[in-house]
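Please find below some points on this model, for comparison with your own reading.

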Amino acid sequence: MSEPSKVNLSEKLFAPRQTTKETSSLVKLAHVASNEMHNALDGDSVSGWYRVLRRPQWIWQGVDPIEMEAVFSRIAGSTAKRTQDELLDTVIGFKPGNWVYEWSQLGSQYQRKSRELLDKGEKAQAAEMLLKASTHYGIAAYPHLKGDELAAQAELQATVTYKDATELMPHQVKTIDVSYQGKTFQAFIHLPRTDVLLPTVIVSGGLDTLQTELWPLYEHYFGPAGFAMITLDMPSVGHSAAWTLTEDTSRLHQALVQQLRDVPWVDHHRVGMLGIRFGGNAAIRLGFVEPTRLKTCISLGGIIHGFLAQPKLLNSMPRMYLDMFASRMGKNGVSKASLISHMTAWSLKQQGLLGRRKVDIPMLAINLKDDPVCPETDNQLIALSSRGGKAISLPAAPIHDGYHRAMQDVVAWLKEKL
């Protein structure tokens with residue numbers, strides 16, 4: 001894409017609008033106070049902030065910790081009007097101090113750096129800067145609530161910069177258009193080589209993650225191990241935003257798996273799926289509904305049963321997560337009790353999948369110790385419900401080491417099963 005069109009896109013996208021709604025005002029749940037939460041995979045919900053600050057994950061994705069804290073301090077120090085005075089990240093309008101604005105500014109800085117590097121002919125470094133830009137635009141759009149205009153514009157920038165980055169790389173990244181219910185969503189396939197059919201891993205993150213943010217998994221783990229990686233957004237997020245989230249969390253993944261025969265480069269006899277957080281629910285579910293098309297399924301910190309079956313735990317979720325779930329389900333203005341009563345339907349045990357019979361494919365379930373969202377009992381349930389299944393619980397600290405060791409276990413498992 002030529003430089004002028006990029007600049008115009010950015011200016012056009014973020015042109016000031018008087019009517020733009022601020023993120024925390026979009027989902028009107030009745031009777032909701034904000035609760036704090038701390039766990040290794042998700043980071044911390046901090047008093048005075050609407051969003052859960054996912055420091056460990058964002059650093060792992062390549063965000064500079066010093067730049068991140070600088071963004072937080074600019075947001076905190078803003079004197080602009082807020083939706084709620086007690087919540088720092090609720091500054092109204094695309095201006096200094098607004099969450100989308102501050103993270104998008106960082107994204108555009110990395111975009112500019114990439115253009116300077118490209119002018120010097122340094123393609124690899126330019127691609128790296130564009131990936132960083134994409135990551136920052138993705139965080140700008142977090143938590144990706146429906147109807148958040150500024151976030152939707154940041155999301156578009158995340159996709160544009162990601163695709164621009166992939167054009168500069170030695171790896172091949174192609175787009176797969178998947179048809180489902182008369183509409184189409186995009187998945188990205190990342191290929192270390194194209195001269196042979198490759199064992200392939202389908203990957204989805206949580207409900208607050210874009211598929212463009214999963215690049216580090218390919219760069220550090222799957223690519224070097226010789227796997228193709230296909231990413232897709234969970235229903236209701238990113239490229240899959242046209243579908244609301246239902247208890248059939250794996251329906252888009254199922255549509256993708258059924259169309260893999262038509263995708264060159266993929267050895268469709270050697271396909272597995274890895275899901276993180278809510279993606280873990282989709283991955284394990286997919287193993288039950290498509291056992292003949294998959295060789296293995298892996299859940300990393302998956303939201304499978306225990307958390308969903310305990311109203312007390314659901315009740316203690318930070319408000320941002322409750323808003324996010326309501327947005328994903330297309331439920332605005334409902335009561336907290338009504339929302340929580342719906343969420344038990346996502347439990348794979350309640351659906352009669354886990355704990356009833358053994359599925360014929362081996363499944364791996366990994367968590368970090370003392371994870372409130374993914375208890376060890378869920379992992380054991382997954383292991384017992386699949387032939388050759390296995391459960392692994394890793395120490396939660398240090399967090400970056402936890403991510404790394406979990407992914408090493410994932411790659412070792414996939415090498416054996418695929």
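1. In helix α7, the buried residues are Trp215, Pro216, Leu217, Tyr218, Tyr221 and Phe222. The helix spans residues 215–222 and is mostly covered, with six of its eight residues buried. Note that this is a predicted model.

2. Phe222 has 0% relative accessibility, and therefore counts as buried. Phe227, at 3%, also counts as buried, because the cut-off for that class is under 20% relative accessible area. The ring centres of Phe222 and Phe227 lie 6.4 Å apart with the planes at 85°, so this pair is edge-to-face. The angle cut-off for that class is over 60 degrees.

3. Over the whole structure, a search returns 19 aromatic pairs. One of them is Tyr162 with Phe188: the centres are 5.7 Å apart and the planes meet at 25°, so the pair is stacked. Tyr162 belongs to helix α6 (residues 149–167) and Phe188 to strand β5 (residues 183–191); the pair links distant parts of the chain, 26 residues apart. Both Tyr162 and Phe188 are buried.

4. What does the open sheet consist of, and in which order do its strands run? Eight strands make it up, in the order β4-β5-β7-β6-β8-β9-β10-β11, and the pairing is mixed. At the edges stand β4 (172–180) and β11 (390–394); each has a single partner strand, so one side of each is left without a neighbour in the sheet. From one strand to the next, the twist averages 20°.

5. Within the sheet, strands β6 (residues 198–204) and β8 (residues 266–276) run parallel and are joined by six bridges. Ser204 has Gly275 in β8 as its bridge partner.

6. Helix α6 packs on the sheet, where it touches β4 and β5. The direction of α6 makes about 35° with that of β5.

7. Trp49, Trp58, Phe72, Trp99, Trp103 and Tyr142 form one aromatic cluster. Separately, Lys417 lies over the face of Trp413, at 4.5 Å from the ring centre.

Notes. Residues numbered from 1 in each chain as written. Predicted model: local features only at pLDDT ≥ 70, side-chain atom pairs only at ≥ 80, totals over all residues. Heavy atoms only, no water. Phe/Tyr/Trp six-rings, centres within 6.5 Å; stacked < 30°, edge-to-face > 60°. Helix = DSSP H or I, 4+ residues; strand = E, 2+ residues; numbered from the N terminus. Buried < 20%, exposed > 50% of the residue type's maximum accessible area, 1.4 Å probe, protein only. Lys NZ or Arg CZ within 6 Å of the ring centre and 35° of its normal. Pairing = 2+ DSSP bridges. Axes fitted to C-alpha atoms, helices over the stretch in contact; angles between N-to-C directions. Contact = heavy atoms within 4.5 Å.
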